[in-house]
Amino acid sequence: MSLRLSSLLPRVFVIVIIALLATATITFAAETRSASAVKPTTESAAPRILLVPDVRSQAYVFAKSTLEEAGFAWRVTGGARGYAANTVSGQSPVPGSRVYDTGAPTVSLLLRVNPRYPQAGEPESSSPFAGTPLRLVGVVAKTKPKTKPKAKPKHVVKTKPKKHAVKPHAKAKPAPKPKPKPAPHAKSARPPAFVVPGAKREPTDEIPLTARARNLDRWVSSHRSPTNDNVRYWLYQHAWIVTGARLGWWHGAQALGTLIAVDNKVERLWGLGTRSERVARAALAEVRSKSK
């Protein structure tokens, strides 16, 4: 029995050594693998740059939509109050300025009174959403790299090159380029009733004036109380339709006819709107005279 134990002891010792070596190898491999894991690097994205649009001489109702579409907030800082039909007389920063996209950079506006429209309803002095600080893109001055002065060569012997008579070659006349044919002008889906020099064109991403007037008619029928929000919305749409028709937008006369009917409904339901109806009738007469 003792002989058997003595013969088995070396084998048991060898098995224990092999097990210890295997355990050490697995532990080292796990540590090596975890140490070699690459940490993800985060790269900061470059800030987006916005271009400030030109809203000068536009009606305030149009200037607001132009700024909002370009990613800006706005605030009236002087001049007239923020009624929809008033005109933008100045802006800061100037048109074409490049600013960083901080969320909704705030553009300051100066307004002047438009005598053609009544100052009615609640004025809106700022955008309905919160603006963010405005950061202008700085101009980096370019500096010329310094160049080392060239070393003057020593003992340079100047030799005059021999002049060879060169016969002038006759210049070949270039072939006349064919004149490009003018491309045919595509017909607009909304041709203007008349053209006002320097006026803003009708935005094709907005519904036509006729559809806007019909929508306003249905909206007034379902809002029978003259709350501040309801009156503000009606005046906003009213100013949009009247101003667009005066600028010669498509089917402005038909839209004004529907708008006058809406004003009559507002007078019956809310007890106001007489001055707005007079404005719409005057605009209709003006549009009809210019459309002839």
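Me: What makes the contact between Arg-56 and Asp-54 a salt bridge?
Reply: The closest N and O atoms of Arg-56 and Asp-54 are 2.9 Å apart, and a salt bridge requires a side-chain nitrogen of Lys or Arg within 4 Å of a carboxyl oxygen of Asp or Glu, so the pair qualifies. A search of the whole structure finds 10 salt bridges.

Me: Why are Arg-56 and Asp-54 called partly exposed?
Reply: Arg-56 has a relative accessible area of 41% and Asp-54 one of 39%. Buried means under 20% and exposed means over 50%, so a value in between is called partly exposed.

Me: How do you know whether Glu-206 and Arg-212, which meet in a salt bridge, are buried or partly exposed?
Reply: Their side chains meet at 3.1 Å, N to O, but the two residues fall into separate classes when each is set against the cut-off of 20%. Glu-206, with a relative accessible area of 23%, is partly exposed, whereas Arg-212, at 8% relative accessibility, counts as buried because buried means under 20%.

Me: What makes the pair Arg-246 and Glu-286 a link between distant parts of the chain?
Reply: The side chains of Arg-246 and Glu-286 meet in a salt bridge at 2.1 Å, N to O. Arg-246 lies in helix 4 (residues 228–246) and Glu-286 in helix 6 (residues 274–291), and the two are 40 residues apart. Lys-290 is also part of the picture, as Arg-246, Glu-286 and Lys-290 are linked in a network of salt bridges.

Me: Why is Arg-81 called exposed?
Reply: Arg-81 has 54% relative accessibility, and exposed means over 50%, so the term applies. Arg-81 lies in the loop between strand 2 (73–79) and strand 3 (87–92). Leaving aside neighbours within four places in sequence, Arg-81 is in contact with Asn-86, Leu-111 and Pro-123.

Me: What makes strand 2 and strand 3 the edge strands of the sheet?
Reply: The open sheet has 3 strands in the order 2-5-3, with mixed pairing. Strand 2 and strand 3 each pair on one side only, and they are the edge strands. From one strand to the next, the twist averages 35°.

Me: Why should residues 32–43 be read with care?
Reply: The chain averages a pLDDT of 79, and 67% of the residues score at least 70. Over residues 32–43, however, the pLDDT is below 50, and beyond near neighbours in sequence this stretch has 0 contacts in the model. Where pLDDT is low, the predicted coordinates should not be read in detail.

Notes: Residues are numbered from 1 along each chain as its sequence is written. This is a predicted model: local features need pLDDT of at least 70, side-chain atom pairs count only at pLDDT 80 or more; totals for chains, interfaces and linings use all residues. Side-chain values use heavy atoms; hydrogens and water are left out. Buried means under 20% relative accessible area, exposed over 50%, partly exposed in between (1.4 Å probe, protein chains only). Helices (H or I, at least four residues) and strands (E, at least two) are DSSP runs, numbered from the N terminus. Contact means heavy atoms within 4.5 Å. pLDDT is the predictor's confidence in each residue, from 0 to 100. Two strands pair if DSSP finds at least two bridges between them. Axes are lines fitted to C-alpha atoms, for helices over the stretch in contact, and angles run from 0 to 180 degrees between N-to-C directions.
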